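Q: I would like to learn how to read a structure feature by feature. Could you take me through this one slowly?

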Amino acid sequence: MIENKEQLPLIGYNGETFVGFVPKMMNRHGLIAGATGTGKTVTLQSLAETFSQMGTAVFATDMKGDLSGIAKMGGNKESVTSRVAQYGLEEKGFGYTGFPVEFWDVFGEQGNPLRLSVSSLGPLLLERLLGLNETQGGVLNIIFRIADEQGLLLIDLDDLQTMVRFVGDNRKEFITSYGNISTASIGAIQRALMRLESEGGHQFFGMPDLDPADLFRQIDGKGVVNILAADKLSRSPRIYSTLLLWLLSNLFENLPEVGDLDRPKMVFFFDEAHLLFNDISPVLQDKVEQIVRLIRSKGVGVYFITQTPSDVPESILGQLGNRVLHALRAYTPNDQKAIRAAADGFRPNPKFEMQETIMGLGTGEAIVSMLEPKGAPSIAERVAILPPQSFIGSLSEVERKNLMMMSSLFGKYAQEIDPESAHEILSARMLATQEEAEALAAQKEKERQLREQQKAEAAAARAKRNEPKSFVEEALGSLFKTTKRQVTTQIGREITRTIFGTFFGKRR
């Protein structure tokens, strides 16, 4: 058990001694669980403060807006001041103060706009974001590959929508090289993109991409607490969970191996963790498990915050060595089963019965078990979580805006960048193709009209030859024919007489 060691950061007080944790063990990940209203947010705030004081950067999601108070000096609650006096915390260096923060917001309203390009998100996470099945996800992979091979950047939602349309319109050309691209899958992807657009997809996708290096800053030796505004974002749970998954994946793939440090480089708090695992595919769950297992060697600790430990898959729950469990409620047989499972996840303390204690914890109380220096979990302790040094509650809109404007990152992310990408290139290509088609169609129409004109002239000529003659023409024609016959007959007779007359004349 870790207690009464002044050099260790403290987390709670059990009525007799202070309980703390070993900083170098905090990259072994953790869990903060408890029913609504039991004090999880205050625990998060207290831990974030402690990490910041250690120089460790923090990334945390703010589901209700009340974590923003960490930027402001505390002491605004009577419950806090009384505990400080009761526990003698000032003698241990406790002092009301604010901490350096950086605000982020996908919608760009309560912090720096947090954008991702479609290409950086990748097809696997986008498949989950769009809710596609395996077949549709395969087609999405083909679309990404075609875009990559043709040098078409996928930055925003317009790029992706145009790319999907391009592949769908020309799918017969791609099938032999990439495999089947069904119109049904193309239609499903297009419908999913329309739904995503209605949920705020246009704000989510864009440039500049978030640079994860900007999350690791220190100010005056304190780690910056990066706060993601999630009150509005949580209404789009797929965007919320996909964003945090991308961030974890990006850190895992790009950070160097550092082994076991004296303290983590960053601690990542994932609130409402059940949103991550709802309807998660086996492939993606395996990826999350791999990240959680290996990212600690990159100096990053991941802490899941949820209402009950059963919200986290066992394969991942088993990797969470540091645990803070607030009160759980048992209203149903399933709730009772969850409490038994939660109790079994702790190293028992003979001083109290675990299940009864879990259900009887008051607000701000928790059962705590942190990893000891050799990596073994400490005996569970029932403690009162130490109060925050910062303000409990939300900043005013003016206070938040002032901090946003003062940020050194404000100019970097405030203005969206829109370079030439798939939408512009394909639109120009399709426009040129359309103009060529229109010109060809015009030429064909001209030729058709010429043929029709020639046919009409020929028909008119034939009609003219076959049309009925007038009375005068008929009379003259008849007269001419009669005269012709008479003349011909007379000439014939004269010729005959001449011939025969000569013949018979000679004989006489």
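Q: In β11, which residue is the bridge partner of A33?

A: Before the case itself, note that this is a predicted model, in which local features need pLDDT of at least 70 and side-chain atom pairs count only at pLDDT 80 or more, while totals for chains, interfaces and linings use all residues. Residues are numbered from 1 along each chain as its sequence is written, and side-chain values use heavy atoms, with hydrogens and water left out. Strands (E, at least two residues) and helices (H or I, at least four) are DSSP runs numbered from the N terminus, and two strands pair if DSSP finds at least two bridges between them. Here the partner of A33 in β11 is T306, and strand β3 (residues 30–33) runs parallel to β11 (residues 300–306), joined to it by 4 bridges. β3 also pairs in the parallel sense with β12 (residues 322–325) over 4 bridges, where the partner of A33 is L325.

Q: How many residues of α1 are buried?

A: Of the 14 residues of α1, 11 are buried, so this helix is largely enclosed by the rest of the structure; among them are L44, L47 and F51. Just after α1, G55 takes a positive phi of about 90°.

Q: Is Q136 buried or exposed?

A: Q136, which lies in helix α4 (residues 134–149), counts as buried because its relative accessibility is 16%. Leaving aside neighbours within four places in sequence, Q136 is in contact (heavy atoms within 4.5 Å) with S185, A188 and I189.

Q: Which residues line the largest cavity?

A: Rolling a probe the size of a water molecule over the atoms shows where empty space is left. On a 1 Å grid over the protein atoms alone, a cavity is a set of points where a 1.4 Å probe fits but cannot get out, and lining residues have an atom within 4 Å of a point. The largest cavity is lined by L125, L245, S249, L284, K287, V288 and I291, and α11 gives the most to this lining, with 4 residues.

Methods: Buried means under 20% relative accessible area, exposed over 50%, partly exposed in between (1.4 Å probe, protein chains only). On a 1 Å grid over the protein atoms alone, a cavity is a set of points where a 1.4 Å probe fits but cannot get out, and a pocket is an open set with protein on both sides within 12 Å along at least five of seven lines; lining residues have an atom within 4 Å of a point.
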